Every structure is written in C-alpha cells, then in structure tokens.
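Had a look through this one, as you asked. Here are my notes, point by point.

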Amino acid sequence: MYAIFKREFLSYFRSPVGYVAIAIFSFLAGFIFYSQYSSGSVNIGSEVISLRSFFVIIVPIITMGLLAEDKKRGTDILYYTTPVSLFNVVVGKVLAAFALFAVMFINVIIHIIVTVACGGTFGVGAIGTIIVFFFMAFMFISMGLFASAITDNQIVSAIVSFVLILISQLLSVISEYAGTAANSIATVFGVKTYKALAFSNAIKKAISWLDPFVKTQDFRLGIFSVSALIFLVSVGVLFMYLTFRVLEKKRWSQA
Amino acid sequence: MSNKPANIKKRTHDRAHKLKLYSIGSIALLIGIVLVTNILFDGIFGKILTFDFSDFGQNTISQESQEFIDSLSPDTHVRIVGLFSRPDNVSGTPYQYIIPLLDDYAKKSDGKITVEYYDLTENPTIINELDPSNAYDLASNAGNFVVEYNGRIKIITPLDCYSYDEEKYYYTGTYYINSNNTEYVFTNTINMLTNENMCKAYIVSGLKEDTSFYITQVLNSMSIIVEELPSSDNFVIPEDCDLMILNGPNADISEKMYVAMSDYISKGGKIFIAVNFSIRNVTERFDRLNQLVNQMGINIDPAMINENDPGFQRGGYVIDHTVIATDDFSDYYSVPYYHATYSRSISSYNNPNSSITGIPALRTSDKASLTEFDTNGNAIESSTDTTGQYYVAMYAAGQGEDPAKMFVFGTANFSSDEYISGYGVNDVNVEFFKSCIRELTGSKSANAINVAVKNVDNYSLDNTKATTSSATMMMVIFMIILPVVLIALAVYVYTKRKNL
Amino acid sequence: MIEINKLVKVYGDKKAVNGISFTVNDDEVLGFLGPNGAGKSTTMNIITGYLSSTSGTVKVNGHDILEEPELAKKEIGYLPENPPLYNDMTVNEYLDFICDLKGVAKAKRKHMLDRIITMVKISDVTDRLIGNLSKGYKQRVGIAQAMVGDPSILILDEPTVGLDPSQIIEIRKLIKSLSKSHSIIISSHILPEIQEVADRVVIINHGKIAAIDSLSDLSKRLLGQTKLLMTYTGPAKECAEKIRTLHGISSAVPKITKNKVSQIELTVVGENSTEIRASIFFMMAKEGWPILELRSLEPTLEEVFLSITSEKKGA
C-alpha cells in the first residue's frame, strides 16, 4: 500500500499533472478568497464550499490516470504478480490522490492565516465545511478511481468520473425532475392525484436522500452530523470495493 | 474420449463461476450493508449523532427555553407551521438559523411542540385550518411561520427573528444583522400564546414617531398583546387598554387625545411616555402632553441635558452619557447604570390640583447642565451655566385600589427601534424598560422568558488591515504569482525530466 | 520448484490452455516453446498469479498460487512479454518502487540493487528516464525488476523479442549466468535462444503439451530418422540418384558443389544406420568418388518443433 501510495503521489510531481492541478486549485481558491477579501469580509466556510463545486473538474484530472494508465502500459501486471494485495493497491491510489488534495488545501490554510491575521473569523462552521471537504474529496476520488479502473483510456475515465460527480452534484435538481416525471407518468396510468403526488414525493425524497450536499449542508452552520460523514465514507468505500472487484475480475474473467 | 470434453467443460467452469458469484454477491452484500448502515444512522441515530458546535449554539434551544417548555402541561399542543415547503438547503437564506432551531424545539418538547411545513399552493386548506375567520390573511403570508395554540395564532416572519442595526442601515443602506433572536421570538411567542391572562398594550401612532418594532417584540415576550392606536379625530382609548405607550412622539397630542388620555388617567390608566430631545422635536413644546403629565406631578422640560462629568460621558460626548437609577429604582435591574443620548430633562411638577408627585427614576451626575431652547429652536446662551443633577426619567402613581401610573422618559434609548436594534433585546436598558412595564401592569404581565439573543457569525475583517492595497496584494499573490510559479515548476520538471 | 497440474484456462468458448501439466526442477532452465497463440503467455500468467486458471493447480515451492498467493509470488520474478516499465520514472526510482512493492527491507535494498544492476549491466543508465532507454536496456531493466527480492524462480516471457542480434546475445549471456542460481522458465518462439540456454524444453501447441524432454532426447524422438551429411569428390546429381536406389535411404538432397567437392544430405530410415553407411561406402568406392566426410546431423529445434507440431496436427 505504501509502495503504491508513494509512487502515485510522487508521480504527480514527476509529471506536470500535479503542478497543474495545484495551480488550477490555487487560482480558483485565490479568486474566491480575493473577491471575499476585497469586499471586507471573509467566510472561509463559503470559500471551501465554493471550492467543492470544482471537484467535478479537479477530481477527474487527478484520478483519470491512476489505473487507466497502468492498464495501457501493462504495468498493472505488477500489482497482480508481486506480493501486494489488490485492495491495498486501491487504497494506496486513493490515498495518493487524497494526499494531493491535502497539498492543494495548503492554499486554504494560508487563506485562513491571512484571514485571522486581518481580524477575520475562522469559526466552527468553517471547520465543519473543511471536514466535509475532505470526506467528500475521499468519496469523489474513489468514484474517479472506479472510473479509471473500468477503462484503459484516460479520456474516457475522465469523462466517466466527470459525469459521476456531476450527477451527484445535481441530485437535488434531478430529484425534482424525477418527481415531476413520476407524477406525470402516474397520472397517465390513471393513478389518483393524491396517490400520484405521494408517489412522486417518495421518488423525490429517495433521490435527494442520496445527495451528499444536502446531507452535509448543516456543517457550515456548525452542526456536525456523524451519519452524514458515515454516508460519505460508506459510498467511498463502496466505490473502492467496486474498483477492487473490477481489478480482481481481470484475473478470472473468461470473456 | 467422446464424452470427456463436456465433462471437462463443466468442471473447468466451476472456479470462474464461483469467483463470479462471489464477486457479484459480495458487491450486492456491501451495497446492502451500506444502505442499511446509512438508513440506520440516518433514521435512528441521526439525531443523537448530530452535534451543534456552532458559536452560541445557534441551532440548539437554550436552558431557559427548555425549562419553559418543560413547565408547560403535558397535554399542551403548540403547532409551528411554516407556510412554505421546507427547503433542502437553508444556508445563506434567512431560514439558516430558524429551521434547524425549530427542529430542535420539536425534538426536545416531548411532542408539545410540532413543526410542520405546508406549501400554500399545494395545501391551501391549511389556511382555513389555522385561521378560520381569515383575520390574519395567511394567504399573503407565504414564507412566514404561524404559531398556533388553542386557536390563537401569531405570525412570525423570518425578519422578526433577527435584529438589524438600524443606525448602520440609515448610513449605509445595507442591513447588517446584529443578532439572531429566533429563539427569543419563538419561545416568547409560545409563552404569550399559552398564557391565558394576557394584557393588552396600545402604542399611540401618528405623532411623527419612529417605528416600535422591537418594543413590540419585547412586550410580546412579556405576554402583552400589542396593538397600534392611531391618532385621529375620533381618538378613543379602547376599554381593554391595560397600558398605553407613547414611544418617542415628535409632535404634540391633539386636544381630543388629551381629553381622552386625561379621562384614562382619572380611571386609573397606565401610561409609558418616552420623549427625547432631538433635531426633529427641538421646536416642539409638547404643551398638551405636558398638561397631561403635569396631572401626575411630572414636567417635560424644553431643555437638553449636557453631561459634563467625564466619568459619565460616553466617548467624550456631553450628549451621550450614563444615567443612574435612583435609590427607589435601583432594584429594577442588577446594574444601576444605563445609557442615554440626547436626553431631555424631566422634572417634577408641583401640581396645585393634585397630591401626586413625580419620583425621579434616572438621574445624571452632579455636574450636568441644561441647554434650554426658545420656541424657535434656538439655544439660550446663558442657560448652560448652572451645573447640577438632573433627571432623565420619572415615575408617578396615584392612590387607591387601581391607581393611575405613569413613566416619563426623557430619552428614547429605552424603547426606540434605533437603540434596541443596535444593542439587542437583552440590553440593560431593555431590562430596565421591562421592569417599568411590570411596574405599570402589575401582575397582569407575565415574566418574559429571558432567552439570550445569539450573535450571528461575523466574518468582517479589520478595516485597517484589509485595505484596498492589501486586497490587491492578495490578488497578485494568490491569483498570479502562486499559479504562475506552479506552472513554471511544471514546465521545469517536465523539461528536466524529459531529457534524463 | 514449480508443479503445474492439469492447467486449464477458458476464454469464451476457446480453451487457451487445455490441461497442461509439467514440473520445473530447482536450478533448471526450462524452455517454453510454441507458436504465437499457443498459450505460452497465458500459462506463464497463470503461474505468476496474474490470471487465475479455470481449473488445475500451480504450486510454487509448495505454495499454491491461488491459496497462498503472497507466499507463492515472493518466490517468483516475472518478466512479462511487455516489460511493466514506467516511462516517466528513472531506473533508480523504478527499481526502488519495485523494492517497495515486493517489500524488500530498506537495509538490504542497496546491496541487492547494486548486485542486480551490475549483473544486468545497467549501471550507466540508472539515472536516466526509462522512456528514453533503448529497447535492449529496457529489457534489462525488466529483468532487473524480476530479480528484485531475490526470487528463486524467474519467469521470462519472450525476453529477446524485438532486440537486435547483439542485444540478443547479451541477454542470452545474462540468462545463462542467472541460471546458476535460479530456476528459469523462458518462453520464446525464437528457437536458437532456447537451444542455447535450456536444459529441458516444453513444447505446446493449441494449449496442449506437444512434447516435454531434454534437448538430446528430443532429437532422438525424430521418428527414428537419422540425417547424414556426406562430403565427397564427384558429381552431385548423379551421385544423389545412385544413392536413392540404396535400401534404407528415404531421400538424398544435393547441397553444394564447389571445386568438384559436393555435399549431399541423406535421410536414413531404420533403427540401425551402420549397415547403410557401409553400403554407401562401398557404392561410392565402386564409382570412384572418394568420401571426404560422413557425419550424422543433430536435428535443430526448428525441425523438432516442426515435426512435432505437424505430426499432432495430422493426428
């Protein structure tokens, strides 16, 4: 695990990918911070929340090559034929991408220091958003890694993880549409109005229940919900396991 | 030889088949575990495992509210109804501090308080359910909250739940939220609605006064129903008036009003008057109002107080100063020091027709002086010479079973929106005001539940440090230098390693 | 020691490997031969644990590759057909990573890497980017990778493919030197490579073993045929025709004629070639064509391979 982590993490800095990703992140974070700073009040919490919406771009950049590139070069054979377990490979790769996020986050730490030095507040709400930021980063990284495992083409992998993350960011919108659609379908099939409404509401609720952003929104207010974090972790672990199974499948697949 | 391949095929597929089953099975199992765990944590442990670490516990009800709720009888059922569908994301909306707190009420009230949300277009029947006589026009209150108990309702808007700094608004045109009063408002509203013996106050309007938004809240919190009593040609004081308030009038009362109010006093009426000395009433002599208060042995002087004792001055201004409760009123609040600005001198008046005399309530230092003004609003030069102790508030009470009672304040700082919005409903002045109201209404007003207002997170920077030039510096460092250095590093590493 | 028992790997409806069993002894070089698509790489991938077999077992020094994969994999160094190299790493970085991957203790690492680097002769490129190395160096880095962790067994899949002749000779030398202390399985379709280094040969075709034998035994199995090469002074065609008439000679092919000296390749059928040699001698003496040399030809692997695979096909 350590071997994989070390290689992947260092490889970000052996190629331009890591620097470019950090540069993009620094610019975006810098822009958000500057616009808050120039208005005279800085809320680190809302900066971190804004940065979360760039996961959809940054996570695919970071994760697209993690496994797809190995498959393309044939270096994945090393994971199967040396005494490392495949799950440790998955963990090592996730940790490497996660560590890159931590490096990027140094930007925000600098912003926090500047804010506090300029008499601003760094409150419990901001701490909450930072916690959510990292848990969410973990979840999206495992999604990205999964996307990287199912193909040997980096571009395809990037697109898949982009779509996956985009969907999870738009779940609340999707739930609205799905609810409306369910309602009209039910009405077409002659279901009574109140029943159709209940049905569409149930669908709406079920979809938005999956929304990681809704689940964690109270953190910025200083309300820390353990179950929301459990949700993020469990989805992340689920995708890690799926990735592991995809790798494992190559071994026994007879297709 | 001929039947062997089929045999092999069956046997040879076993391992791959098993692995496939194991793979799919384990994934299905894990998804199941993830779902069950999340539903379990979400539904059952969700509430227990949610912790409010916010500053001031924004989203948790305080001990005071909790004790009040516990004191309600178990069969009490208070409904809090939001006239909108509950939003998923409350961050950055006025509901940010309201909805999570209401959840806490529901959670900690053992079913005495329920919180519901109804979209008025989807559930129009809720209007009739809450307000059958349509007295409150709930249809136009979408987005607001209704608190209902035993058929009695009160509407609370999100704006009611915050205090805004009116002075800052006056200068900048922007609302700055000063504090979060959500819990104060809701707890006291519930207190008011569940209190059977309610007393009624009328605030006289139409005398060029400012709004009385915050004292309405404060009075509500004391279970006092507040209504407006507009000045008009057929001014009548209603029968159910337990308390009349003139909150900072800048114009004198009419003859008709004087007559009605005199009549009210003679029947044992209770009046609270606050008249400060400002640019808006410098030419107003308040002759008729004076006649009224004279009946109670009090006089409103056409003179402004200058506090010359530096120990009493605030910020070095003679017109912004500390006042002290006199011995008779020292028990009104735990500290006897209050804050007055642009104070008008209130003195006792020796009324030949009455034995009632005014008792000083708030006084200045010994070194104060008065600036008197003539009828044109010009200061009389010589008037400032005499230094001494002056009074900023006086109290008078008649005799008998239910005597007339009156407070006259020479400052607006105890009841004006401008002051309360800036200093909050927990300010010492407001506490003193509440004691005065309690004095006037006697047992009829309940004790307010003293919920501390909560400060709203304030993210503003120190102006002296966050200057325009430092902002430019931030932009240059974080948006230009840092990314450019990183890109340069990328290019450097790439070219260097490329040729290794 | 590797024991391979009834290995089967199915892809779709096809059996890429169909019931292969053989054993590799300690410190033995086993040549693994077969045409492209015969199942060589698949077999090697199964042995190294990259693929799981549909059925059958592989035991590496007593550890089953499926049941104790980590122990089994520790014993194996594998050079796949495409060396698993990271082009964006330097040789040193790469070998360090492989050490991490195989869990080589930090203390042993430097000594071991020094030894391997000297052995595979890559000491002059250790700080260069793998992507910038020549094919031969890349192959050596691949072999170095397989040697990391001192496995007792090396499995090299087509180690010389795509190399130029001088590089092939280098790699061959390297394998020879390695064979002193390792069991090696080396696959190839380039026959001389095997011929030179292997102690035993396994030939597979269509996923089945066509032959397992030591090189010399294998030659003898050539259907009882013996090839003789005769050098003499005299005409080529005429002589060939005469010889074909002799009993026990199945073919006589004239090879070269230079300065009246000719060569004929003869194929002798039958258990005993001594009588035939005698009759050839007498015939030649009679014609007045003096025999300068008559020797038996060792069959090349090519021939062995062709005869075995074609024989199987025929059957």
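1. First, how contacts are counted here: two residues are in contact if their C-beta atoms, placed from the backbone, lie within 7 Å. Keep in mind, too, that this is a predicted model.

2. On that basis, chains A and B meet through 50 residues of chain A and 50 residues of chain B. On the chain A side, helix H2 (16-38), helix H7 (124-149), strand S1 (223-225) and helix H12 (226-252) each supply at least two of the residues touching chain B. Sorted by class, that side of chain A has 25 nonpolar, 19 polar and six charged residues.

3. S1(A) runs antiparallel to strand S1 (residues 50-52) of chain B, with three bridges between them.

4. Over to chain C, where you'll find an open sheet of four strands, paired antiparallel in the order S2-S1-S4-S5. Why is one side of S2 and of S5 left without a neighbour in the sheet? Strand S2 (14-24) and strand S5 (63-64) of chain C stand at the edges, so each has a single partner strand.

5. In that sheet, strand S1 (residues 2-11) of chain C pairs with S2(C) in the antiparallel sense, over eight bridges. C:Tyr11 has C:Lys14, in S2(C), as its bridge partner. Helix H1 (residues 40-48) of chain C packs on the sheet and touches S1, S2 and strand S4 (55-60) of that chain. The direction of H1(C) makes about 120° with that of S1(C).

How values were computed. Residues are numbered from 1 along each chain as its sequence is written. Chains are lettered from A and ligands numbered from 1 in the order in which they are written. This is a predicted model: local features need pLDDT of at least 70, side-chain atom pairs count only at pLDDT 80 or more; totals for chains, interfaces and linings use all residues. Two strands pair if DSSP finds at least two bridges between them. Axes are lines fitted to C-alpha atoms, for helices over the stretch in contact, and angles run from 0 to 180 degrees between N-to-C directions. Ala, Val, Leu, Ile, Met, Phe, Trp, Tyr, Cys and Pro count as nonpolar, Asp, Glu, Lys and Arg as charged, and the others, Gly among them, as polar.
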